[in-house]
Amino acid sequence: MAWRLLFLAVSLLSCAVPKPVPVAPPPIVPAPAPVVAAPPVAPRPLWFDATAQPDSLLTLKRGVLRDAGVPEGDRQVFPETYSTVDGVFTFRGGPTRSGGAFGRVPRAPVALELAWTHVTSRSKAPWFGGTGWTGQPVIVRWPAVVQHSMPKLGARSRHDGLVEVIQGSLDGRVHFLDLFTGKPTRPAIVTGNPIKGSVSLDPRGYPLLFVGQGIPEKVPIGLRVYELIGHREVFFLPGADKEAPRRDWGAFDSSGLLNRATDTYVVGGENGLIYLLKLHTDFDPIALTLTVNPEVVRYRYKEASSQHFGVENSMSALGWLAFFADNGGTLQAIDLRTFEPLWAFNAGDDTDASLALDDTLDRPALFTGCEVDKTGPRGFSHLRRLDALTGAVEWTNSFECQGALTPKKIDAGLFATPAIGTGDVDDLVFFTLARCPGPDDGLVLALDKATGREVWRLALPKYAWSTPTLVKDEDGESYLLQGGIGGLLRLLHARTGREIASLKLSGDIEASPAVFDDLVVLGTRADRIHGVRIRGGR
């Protein structure tokens, strides 16, 4: 009985306890969205608003001949970075024409050492073999997928770490060499005519090579384009162009620029025309095919004060602007979208050295100089800085030079492209003069970029056409490589002009070097292509 009473009490007590009432959770209030400031609008580059300078164009007549498939207003803007592939792809490296070196040299270099030598064949006298002016090779570390697509490499198509040198030669061949050993990597391409200028390679890393021929010998002269899968010629641009103002000479010493954003190639001809090729490149690395089907734009012009045509220098470019000079000394800037000239400038004499462009200054500037040719045999080579957007002369520094008329005509002055200082020497620009002040000697000059004032000079007992090439060591310190007639290659301290090291090569040096890390590749007139190692001191 007692347990029943206890059970009843517990039951009543449990009934008296109220059941919990569910409570709704508090409402979720979303946090206020953070206030994000709009990204700053990048200022338009100065070249974007460049306009024509009509007063400089009063005596310049021009015309444009374009194939039907090439529209006006094509997106003809060169990317800020010419190539994302390791190497040197055109004369002086890219659109500023102020490079030629990839990578860094060892810290505090002390010596130049001969690493290897490759002997070329020979063409007819007086050209023979080796390399002439400008004669710079290209150097490339191929992307693996592209390297595997080139059966002409044989077993090397599967070798990791291949860096290939591609050198046009006066023997009429294009030579392919291993950067580290100098041994041939594949058969040479026989073009049929001596090659004086510098070849150029597709900066996209495609196996597409552009070869300008310098001397007519066995076949029609012009610009030849080869795919490097089977070494097949895929396009020929004849120098004997019926539209050219100069029809007696069709060489292409100029090394062109390929715009990887638009698949177009721009180059100047010694026939007096500027060309833009809309390539229509089709590259399939799986099927091992590469084709082009170019459409051609021709820019033809005539400066009333000059009777001399032909472009031997390699065009510079900034955005959609291109810059070049000709054998009469006419410098021009043109808009590549329309081929309208923006300005023209009369340099006073033949200008074969490429216009070096500095786009790091408050306003982009061109550094240039003329020869003593039409004004010779004794005269002045005028070194200048021009505003790249207007053609206005910002300074001039003139140096006396002496060529010759007998036993044959010999010109003097600037043949080497200026080297623009960067980093620790960003206040300097370097010029190399031939036959200045006398008929045999030369000068290497460092000038102040802002004023043109001479900072230092190195007198050369023999003249030089080879372009000075700026290299930097692992600490960012700058040095100049300078080759010359007589075969001496010098390494100079760029800030002071002090000679650090030298190396005597076989034959005269007319060509310009290309540099990949610590290896310099440079040909001579003695049927040789050399690999030279820069040795560090610590």
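**Strand pairing, cores and side-chain contacts in a predicted model**

Ala514 stands opposite Val521, a residue of strand E38. The model described here is predicted. Strand E37, residues 514-516, pairs with E38 in the antiparallel sense, over 3 bridges. The two strands form a hairpin with 2 residues between them. Asp517, in the turn, has a positive phi of about 55°.

In E38, both faces are covered. Leu519, Val521 and Gly523 are buried on one side. Val520, Leu522 and Thr524 are buried on the other.

E38 also runs antiparallel to strand E39 (residues 528-536), joined to it by 6 bridges. Thr524 has Arg528 of E39 as its bridge partner. The hairpin of E38 and E39 has 3 residues between the strands. Asp527 takes a positive phi near 60° in this hairpin.

Nonpolar side chains were examined next. The largest nonpolar core holds 62 residues. Trp142, Ile166, Leu201, Leu209 and Leu228 touch the most other members. Strand E15, residues 273-278, gives the most to this core, with 5 residues. Leu228 illustrates the contacts made beyond four places in sequence. Its partners are Trp142, Met150, Ile166, Phe176, Arg186, Ile189, Leu201, Pro207 and Leu209. A second core is separate and has 19 residues, among them Leu414, Val429, Phe431 and Leu443.

A search of the whole structure finds 1 disulfide. Cys401 and Cys436 form this link, with their sulfur atoms 1.9 Å apart. The angle about the S-S bond is 95°, and the link is right-handed. The pair connects distant parts of the chain, 35 residues apart. Cys401 belongs to strand E27 (residues 393-402). Cys436 lies in the loop between strand E30 (428-434) and strand E31 (442-448). Cys401 counts as buried because its relative accessibility is 0%. Cys436 is likewise buried, at 0% relative accessibility. Cys370 is in no disulfide. The nearest cysteine sulfur to Cys370 is that of Cys401, 8.6 Å away. Cys370 is buried, with a relative accessible area of 1%.

Several backbone features stand out. Most residues other than glycine have a negative phi, and most peptide bonds are trans. A cis peptide bond joins Trp133 and Thr134, with omega about 5°. Thr134 is in the loop between strand E4 (109-119) and strand E5 (138-141). Thr406 and Pro407 are also joined by a cis peptide bond, with omega about -5°. Pro407 lies in the loop between E27 and strand E28 (412-414).

Positive phi values also occur in loops. His280 has a phi near 55° and lies between E15 and strand E16 (282-284). This residue is partly exposed, with a relative accessible area of 37%. Arg435 has a positive phi of about 55° and sits in the loop between E30 and E31. At 7% relative accessibility, Arg435 falls under the 20% cut-off and therefore counts as buried.

Aromatic side chains form 15 pairs across the whole structure. The rings of Phe102 and Phe516 have centres 4.9 Å apart and planes at 35°, so this pair is tilted. The two residues are 414 residues apart, with Phe102 in strand E3 (residues 101-102) and Phe516 in strand E37. Phe102 is partly exposed, at a relative accessible area of 25%. Phe516 is buried, at 1%. Phe210 and Tyr265 form a stacked pair, 3.9 Å centre to centre with 10° between the planes. This pair also links distant parts of the chain, 55 residues apart. Phe210 is in strand E10 (residues 208-212) and Tyr265 in strand E14 (residues 264-268). Both Phe210 and Tyr265 are buried. Tyr299, Tyr301, Phe324 and Phe339 form one aromatic cluster.

Charged groups also sit over aromatic rings. The charged end of Arg92 is over the ring of Phe91, 5.4 Å from its centre. That of Arg122 is over the ring of Phe128, 4.1 Å from the ring centre.

How values were computed: Residues are numbered from 1 along each chain as its sequence is written. This is a predicted model: local features need pLDDT of at least 70, side-chain atom pairs count only at pLDDT 80 or more; totals for chains, interfaces and linings use all residues. Side-chain values use heavy atoms; hydrogens and water are left out. A nonpolar core is a set of buried Ala, Val, Leu, Ile, Met, Phe, Trp, Tyr and Cys residues joined through side-chain atoms within 4.5 Å. Buried means under 20% relative accessible area, exposed over 50%, partly exposed in between (1.4 Å probe, protein chains only). Helices (H or I, at least four residues) and strands (E, at least two) are DSSP runs, numbered from the N terminus. Contact means heavy atoms within 4.5 Å. Two strands pair if DSSP finds at least two bridges between them. A disulfide is a pair of cysteine sulfur atoms within 2.5 Å. Rings of Phe, Tyr and Trp (its six-membered ring) pair if their centres lie within 6.5 Å; planes under 30 degrees apart count as stacked, over 60 as edge-to-face and the rest as tilted. A charge sits over a ring if NZ of Lys or CZ of Arg is within 6 Å of the ring centre and within 35 degrees of the ring normal.
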